[in-house]
Amino acid sequence: MTPKQTKFTCKECSKEFLVIPQEMAIYAEKKLPLPDQCPSCRHKRRMALRNERALYKRSCGKCGDSMLTTYAPDAPYAIYCQKCFWENVG
Ligand SMILES: [Zn+2]
Ligand SMILES: [Zn+2]
């Protein structure tokens, strides 16, 4: 038995993609908007969002060099730059 899939067109790359009934049921149940991007574009967008959100400017807890990190500024532990990190580990 083949479940009937719903066909959508990605607004990003204009590629057609299929959504399985189980997924459609989730959208309906959680009242989520229907997808307008194919899985690979959605994945790319999610990665882009995450990168934007997750990078903070902090300074190294040891040498004070400023750097970009995925740790939030209010993270309770000291963070180190690559150099100090490896010194610490070694
Ligand atoms: Zn796409
Ligand atoms: Zn450092």
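1. Burial. Of the protein's 90 residues, 3% count as buried. Keep in mind that this is a predicted model.

2. Secondary structure. The protein has three helices and four strands. Along the sequence they follow the order β-β-α-α-β-β-α. The radius of gyration is 21 Å, whereas the globule rule gives 12 Å for 90 residues, so the protein is more spread out than a compact globule.

3. Dimensions and contacts. The C-alpha trace spans about 60 × 25 × 25 Å along its principal axes. Among contacts with a separation of 6 or more, 18% are between residues 24 or more positions apart.

4. Domains. The domain assignment gives domain 1 as residues 6-52 and domain 2 as residues 55-89. Their centres, taken over C-alpha atoms, are separated by 36 Å.

5. Strand β1 covers residues 6-9 and strand β2 covers residues 16-19. The two run antiparallel and are joined by four bridges. Phe8 has Phe17 of β2 as its bridge partner. Six residues lie between the strands of this hairpin.

6. Ser14. This residue sits in the loop between β1 and β2. Ser14 is not a glycine, yet its phi is positive, at about 60°. Is Ser14 buried or exposed? Ser14 is exposed, because 8 other C-beta atoms lie within 10 Å, and a residue with 12 or fewer counts as exposed.

7. Helix α1. The helix runs over residues 21-29. How many of the nine residues of α1 are buried? The number is zero, so α1 lies largely in the open. An α-helix has 3.6 residues a turn, so residues three or four places apart point the same way.

8. Lys31. Just after α1 comes Lys31, with a positive phi of about 55°. Lys31 is not a glycine either. Its place is the loop that leads from α1 to α2, the helix of residues 39-54. Lys31 is exposed, with 6 other C-beta atoms within 10 Å.

9. The hairpin of β3 and β4. Strand β3 spans residues 56-59, and strand β4 spans residues 66-69. They pair in the antiparallel sense over four bridges. Between them are six residues. In the turn, Gly64 has a positive phi of about 80°.

10. Thr69 is found in strand β4. Which residue stands opposite Thr69? That residue is Tyr56. Beyond neighbours within four places in sequence, Thr69 is in contact with Tyr56, Arg58 and Ile79. Thr69 counts as partly exposed, because 18 C-beta neighbours lie inside 10 Å, and a buried residue needs 20 or more.

11. Points to keep. The assignment has two parts, domain 1 (6-52) and domain 2 (55-89). β1 and β2 form a hairpin with Ser14 in the turn. β3 and β4 form a hairpin with Gly64 in the turn.

Note on methods:
Residues are numbered from 1 along each chain as its sequence is written. Chains are lettered from A and ligands numbered from 1 in the order in which they are written. This is a predicted model: local features need pLDDT of at least 70, side-chain atom pairs count only at pLDDT 80 or more; totals for chains, interfaces and linings use all residues. The radius of gyration is taken over C-alpha atoms; the globule rule is 2.2 Å times the number of residues to the power 0.38. Two residues are in contact if their C-beta atoms, placed from the backbone, lie within 7 Å. Two strands pair if DSSP finds at least two bridges between them. Domain bounds come from an automatic or database domain assignment.
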